[in-house]
Amino acid sequence: MTELLSFEKSRPAASPPRLPEADVKGLDPSQVLGPDLLRQKAPGLPQLSEPEIMRHYSRLASMNYSISEQFYPLGSCTMKYNPVVNEVAAALPGFAGLHPYQDEDTVQGALELMWRLERALCAVVGVERVTLQPAAGAHGEWTALRMISAYHHSRGDNRTEVLVPDSAHGTNPASAALSGFQVVEVKSGPDGRISLADLESKLSPRVAALMLTNPNTLGLFERQILDIAEMVHATGAMLYYDGANLNAFMGICRPGDMGFDAVHMNLHKTFTTPHGGGGPGAGPVGVKAELVPFLPTPTVERTNGHLKLDFKRPKSIGRVRSFYGNFGMLVRAYSYVVAMGGDGLTQASRDAVLSANYLRKQVENDLEMPHEGPCMHEFVASAQNLTHDGVKALDVAKALLDRDFYAPTIYFPLVVPEALMVEPTETESKANLDAFAAAIKEIVAEAKSNPQALHDAPQNLPVGRLDEVAAARRINAYLQGQSEDPVLRWKTPEK
Amino acid sequence: MPYLVHSEEDRASMLESIGVQSMDDLLVDIPQSLRIGSLDLPDGLSEYETMSQIASLAARNRVFPDRLTFRGGGVYRRFIPAAVAAVTSKPEFYTAYTPYQPEASQGTLQAIFEFQTLIAELTALDVANASLYDGATAVAEAAMMAHIHTGRNEVMVSGYLHPEYVEVLRAFCDGRGIKVRKGTEPGPKTAAVIFQQPDFLGLLVDAKTLTENAHAAGALAIACVDPISLAILSPPGEYGADIAVGEGQQLGLSPSYGGPHVGFISCRRELVRRLPGRLIGIAHDKQGRRGFVLALSAREQHIRREKASSNICTNHSLCALAASVYMTYMGPKGLRQVAEVSFKRAHVLAERLAALPGWEPAFPDRQFVNEFPMRVPKASAVVRKLARKGILGPIEVQRWFRELKGVVTFTCTEVNDARALDELLAALEA
């Protein structure tokens, strides 16, 4: 099944929607504005009737895999069930209808919600304060690094480097670079954990911070985290926590207690706000006391039950986003926290760890397990054992799609060849985990019996494997002026 | 417990399969000294109790009716067709991840490819990306593009750019050691001239001249635009701007206390490799069927790491989808009607307000579209008086611009019907 683009379906004769008339005697823009200010050529938006539009998007929706229909074991992405009541909460007119520049007295409920969510997140990760302003995880990373940078500067300490493990998410080095730091990579040891010897050799008075994910991207808890924290702090650097893997230990331990000074969280992972096919998310950042003065403005403050936005923070790094962050996502996350409570969040993490270890056990004889367990909330397997039959991690991923599963994260982390990173989460039943394991067994068997079938996968989806190399070639031709087909957008063919 | 699926029996049998006695055997890597007994949070609640608590918070907020909202400043009340929520509430869209497996994500990919095309058409530029967080970060990302492209270390903000956008721009630029300067005369160090059309006060700027001056200094011209105004106003591509950015909230998204909304960015062909974030392109499978894929990802953080053009990963896909549904629903004629109705009503309102004793246009020689500044006696009292009558009145811009004492900005759109204008005037005259 394919679906034409709205632009291809467009019919100039389609009647426009019925909209309010002006009902006042006003002049047309063309009577008021000079020709330089007026648009010469109408934008090429499609023209379709409402029934056609609704059919179009319904058909597009049916071409997606999603957590609502499929098991989505995408490692590091924590694709858990998105509670439907969260959507109802965020859509309440008392939230959705608020203008960001309303007076504080008229938005006390919204501010109270933000304040309570901040307190709850502080309790979960063990920090002093949290800013809710960053719009996504990478935005939170960058915000935290800006605060760390400001902290060092305030002490007259000009530090230029940030340490990032080789197993880290790509956003870590990118955020560090965007904050003006040089990135220095720290190697993982053979056990998949950060090499303390390598860390030692990279630490110096130039280092502003070490960015760490714990459990790391291999799903392994950094057992020596307290030693790492001590080493980092001894040089005057700060320890930054990438919260992508926070789902592993809520109620079990806290990054703040491990020695982390700044902690970002992904509300669209751990706190069930829907991922929306690529956002919006929210990436709050928690900090220990020494970083509190540098938090973005405004903060939400509460005195005697009255809430206000505090803009007067002289040491603040300023604003990182307009208004107060992705408020609608904050409502959803708060709804989740209230429904789950401390007991529920703890059980969620325990179940996430249980599910990952269970699934790991089910497939440990089918794929390679480069590191010893137990794992935390996710594990990284390798399809290296299939390569002598010519089968790669990519083939396994596509074959899973044909079996109605979304694929694990593949080829990440970079330190594992043919990596398949699997994160089942706590909201997938044992029966589904068993079905996934059975699919893996079937695929591994097929790698021997009929590898071509795996190379040809997927067969059951709207399109087969798409030739990204050819697409890139065509884009390059356009960018170099050798072609007029932009590939990155539709252009109505000229008649 | 809500949302959890394992029963106690499941848990026991899973532990047994793993070959361990208890959960503690799976948590052995966590040092005992770090273990906490429980979270310092109340126990969970039933759905009924959860919603009661949240609804009581919502009830502590005051929501002004659409038609009596005359406040803008970057977030506007507009008519949102029911089609928008009907599409964005489809779980196939809102519960999917970033489309890493294109064959299983064609719905999202095609919808966002359409979004890219819609934004490129609206701004009359060559290519748009898959979305950014908001208008403020879009301005900042565009400045980063200009810095990398020109190798220059200063950006110039011209005129009344949204003050919060300027703040975010400063935060981004501080990190990269780029200077933000206010002014109108770019020099040899200027990477870009950034202006807003219409500006924060609603006034139209001479975008063409600003663009020409930027180019004459070897700088890029970055236009921050109001998407709906582009149905009437000359778009950035027509006056030669290099990059267009903006806030897409007006394209079908509710105010929601400031977010989530959607930032957009488009540029000329020569700058496409500098674009931040996701880009979706056309590709074909072996059978020649057309599909859509994430393209040019060598610019991005997961490949380029510290050399990436931006750190953005998660963007605002679902909000971009909402904007696509909105623009598709409107079509060129609908969008123009919305823009024209807003324009006419705002001009009628401006005229009527100027007739009030002591009231006058703050910039009488300047044109506007549907947001405009008035100089009024006792601005704070005016706003308070309107609130008492259930009207969300104008913004006092002195909060950001000291020189604009007594200046307030009013906004008028298609939701402020003719009777609402009468009610506003009656409240002011009372």
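This is a predicted model: local features need pLDDT of at least 70, side-chain atom pairs count only at pLDDT 80 or more; totals for chains, interfaces and linings use all residues.
Buried, exposed and in contact: how the terms apply

Biologist: Why is B:Lys378 called exposed?

Modeller: B:Lys378 has 11 other C-beta atoms within 10 Å. Residues are numbered from 1 along each chain as its sequence is written, while chains are lettered from A and ligands numbered from 1 in the order in which they are written.

Biologist: What makes the phi of B:Lys378 worth a remark?

Modeller: B:Lys378 has a positive phi of about 55° and is not a glycine. Most residues other than glycine have a negative phi.

Biologist: Why is A:Phe323 called buried?

Modeller: A:Phe323 has 23 other C-beta atoms within 10 Å, so A:Phe323 is buried. Its phi is also positive, about 60°, although A:Phe323 is not a glycine.

Biologist: How do you know which residues of domain 1 and domain 2 of chain B are in contact?

Modeller: Two residues are in contact if their C-beta atoms, placed from the backbone, lie within 7 Å. By that rule, 22 residues of domain 1 of chain B are in contact with 18 residues of domain 2 of chain B.

Biologist: What makes the bond from A:Thr297 to A:Pro298 stand out?

Modeller: That peptide bond is cis, with omega near -5°. Most peptide bonds are trans. A cis peptide bond also joins A:Asn214 and A:Pro215, with omega about -5°.

How values were computed:
A residue is buried if 20 or more other C-beta atoms lie within 10 Å of its own, exposed if 12 or fewer, and partly exposed in between; C-beta atoms are placed from the backbone.
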